Amino acid sequence: PELVESSFDFSGELTDEQKYFKKALDDYGCRNYIIKEVNGIKVALFGVEGIESLGWVPKGVEFKDYIDAAKETVKEIGDQADIIICLSHAGTTDSESGEDFDLIKAVPEIDVVISAHSHTMYPKAIEYEGCILGSAGSNYEGLGEMDLDVSDGKVRLVNYRIIPVN
């Protein structure tokens with residue numbers, strides 16, 4: 001599978017551990033973002049790590065601020081895509097607060113956020129400040145399915161459901 005992560009920080013002098021990690025990512029083909037064509041629609045996908053999730057990453061791995069990384073990546077994507085989807089490992093605390101809601105407010109160009117880290121399951125997608133947010137829970141308890149309509153420069157939620165996984 002493709003791996004996207006735009007908040008890794010490899011600037012400055014790297015330790016041997018960081019060089020090894022960067023080489024592994026480069027060898028695998030990890031990129032800041034990818035663009036896939038789906039049914040004639042150009043879909044940009046990128047990933048970020050939120051502040052609270054950084055306590056769970058291996059020592060020595062450095063990250064940019066997730067909002068700064070998202071802003072940089074969205075700017076780099078520019079007009080290459082019809083829709084921008086962020087795969088976020090930042091999370092939410094309720095239906096209108098948490099790091100992913102801060103991300104949506106700070107980077108309005110993002111059309112969809114697939115939220116993780118907080119283990120929240122939203123049985124209905126949340127439409128917040130022009131962005132659609134979904135989260136399917138934790139530990140493989142659910143698989144989220146989201147159908148979108150992308151036309152006339154707008155993204156509209158058509159269907160969203162959580163498929164139970166057992």
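The questions below concern a predicted model.

Q: Why is the contact of glutamate 2 with lysine 36 called a salt bridge?
A: The N to O distance is 2.5 Å. The cut-off is a Lys or Arg side-chain nitrogen within 4 Å of a carboxyl oxygen of Asp or Glu, so the pair qualifies.

Q: What makes this pair a tie between separate parts of the chain?
A: Glutamate 2 lies in the segment before helix H1 (16-28), and lysine 36 lies in strand E1 (residues 33-38).

Q: Which residues are linked with Glu2 in a network of salt bridges?
A: Arg31 and Lys36. The structure as a whole holds six salt bridges.

Q: Why are glutamate 2 and lysine 36 called partly exposed, rather than buried or exposed?
A: Glutamate 2 has a relative accessible area of 41%. Lysine 36 has 36%. Buried means under 20% and exposed means over 50%, so both values fall in between.

Q: How do you know that aspartate 26 and lysine 22 form a salt bridge?
A: Their closest N and O atoms are 2.8 Å apart. That is within 4 Å, so the label holds.

Q: Where do aspartate 26 and lysine 22 lie?
A: Both are in helix H1. They are four residues apart, about one turn of the helix. Aspartate 26 is partly exposed at 44% relative accessibility, and lysine 22 is partly exposed at 28%.

Q: What makes arginine 161 and glutamate 145 a salt bridge?
A: Their side chains meet at 2.8 Å, N to O. The limit is 4 Å, so the pair counts. Arginine 161 is in strand E8 (residues 154-164) and glutamate 145 is in strand E7 (residues 142-151), 16 residues apart.

Q: Why do E7 and E8 count as paired strands?
A: The test is at least two bridges between them. E7 and E8 are joined by 10 bridges, so they pass. They run antiparallel. Aspartate 149 stands opposite arginine 156 in E8.

Q: Which residue takes a positive phi in the hairpin of E7 and E8?
A: Aspartate 152, with phi near 55°. The hairpin has two residues between the strands.

Q: Why do E5 and E6 count as paired?
A: They share three bridges, and the test asks for at least two, so they pair. The sense is antiparallel. Glutamate 127 stands opposite isoleucine 132 in E6.

Q: What makes E1 and E5 the edges of the open sheet?
A: The six strands run in the order E1-E2-E3-E4-E6-E5, with mixed pairing. E1 and E5 each have a single partner strand, so one side of each is left without a neighbour in the sheet. The twist averages 25° from one strand to the next.

Q: Which helix packs on the sheet, touching E1, E2 and E3?
A: H2 does. Its direction makes about 160° with that of E2.

Q: How is the packing of H2 and H3 described?
A: Helix H2 (residues 66-77) and helix H3 (residues 99-106) pack at about 40°, with their axes 10 Å apart. The crossing is right-handed. Tyr66, Ile67, Ala70 and Lys71 in H2 meet Glu99, Asp102, Leu103 and Ala106 in H3.

Q: How many nonpolar, polar and charged residues are in the contact of H2 with H3?
A: Five are nonpolar, none is polar and three are charged.

Q: Why is glycine 91 called buried?
A: Its relative accessibility is 3%. Glycine 91 sits in the loop between E3 and H3. Beyond its neighbours within four places in sequence, it contacts residues including Gly98, Glu99 and His117.

Q: Why are asparagine 39 and glutamate 129 called exposed?
A: Asparagine 39 has 78% relative accessibility. Glutamate 129 has 54%. The threshold is over 50%, so both count as exposed.

Q: Where do asparagine 39 and glutamate 129 lie?
A: Asparagine 39 is in the loop between E1 and E2. Glutamate 129 is in the loop between E5 and E6. Phi is near 50° for asparagine 39, a positive value in a residue other than glycine. Phi of glutamate 129 is also near 50°.

Technical notes:
Residues numbered from 1 in each chain as written. Predicted model: local features only at pLDDT ≥ 70, side-chain atom pairs only at ≥ 80, totals over all residues. Heavy atoms only, no water. Buried < 20%, exposed > 50% of the residue type's maximum accessible area, 1.4 Å probe, protein only. Axes fitted to C-alpha atoms, helices over the stretch in contact; angles between N-to-C directions. Left-handed = near helix turned anticlockwise from the far one by under 90°. Contact = heavy atoms within 4.5 Å. Nonpolar A, V, L, I, M, F, W, Y, C, P; charged D, E, K, R; others polar.
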